[in-house]
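Here is a quick tour for anyone meeting this structure for the first time. Have a look at it, and then we'll walk through a few spots together.

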Amino acid sequence: MTAGLKTIIALSFVLAIGFLLVILSSALWHNYLPLVVVATYVVAPLPNWICSRCSNPDDFMETAGNAIVDFGRFFTGFLVLMGIALPAVLAHSGAISIPAMAMSIIGGLLIYGTIVSFSMFFREQEEF
């Protein structure tokens, strides 16, 4: 029980640092465009979740195709890559500064890494 609680506390701390970096990347340079990255990292796990629920409606047959699961992974990867590339494109165009870009990318990676870690640590086990 304490290992689960320690994991939740540690992952919550890392998530808070990620959000802090993204918010500071906007607030320190008085430009709030890097906050768009938060939306991509919040929406990124949804295609994986939706496609994994839709992939195998039959519990008795395990031979169903994995095309929908692959599509969900592709779309999740696209959203994560967009969360990294969007600050780079904004910095390249001069809309945000380079330090704001770096803070936004690092914060975004911490946010998505925490989301992935939560799903890995607290995945329900199969009963078979």
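Which residues in α4 meet which residues in α5? Before the answer, keep in mind that this is a predicted model. On the α4 side you'll find T76, V80, I84, P87, A88 and A91, and they meet I98, M101, S104, I105, L109 and Y112 in α5. Sorted by type, the residues of this contact come out as 10 nonpolar, 2 polar and no charged.

How do the two helices lie? Two packed helices are described by the angle between their axes and the distance between the axes. Here, helix α4 covers residues 67–93 and helix α5 covers residues 98–121, and their axes come within 7 Å and cross at roughly 165 degrees. An angle over 145 degrees counts as roughly antiparallel, so that is how α4 and α5 run relative to each other. The crossing of α4 past α5 is right-handed.

| Residue | Place | Relative accessibility |

Leaving aside residues up to four places away in sequence, S26 touches N31, Y32, P34 and L35.

Most residues other than glycine have a negative phi. H30 is not a glycine, yet its phi is positive, at about 55 degrees.

Terms used: Residues numbered from 1 in each chain as written. Predicted model: local features only at pLDDT ≥ 70, side-chain atom pairs only at ≥ 80, totals over all residues. Heavy atoms only, no water. Contact = heavy atoms within 4.5 Å. Axes fitted to C-alpha atoms, helices over the stretch in contact; angles between N-to-C directions. Helix = DSSP H or I, 4+ residues; strand = E, 2+ residues; numbered from the N terminus. Parallel < 35°, antiparallel > 145°, perpendicular 65-115°, else oblique. Left-handed = near helix turned anticlockwise from the far one by under 90°. Nonpolar A, V, L, I, M, F, W, Y, C, P; charged D, E, K, R; others polar.
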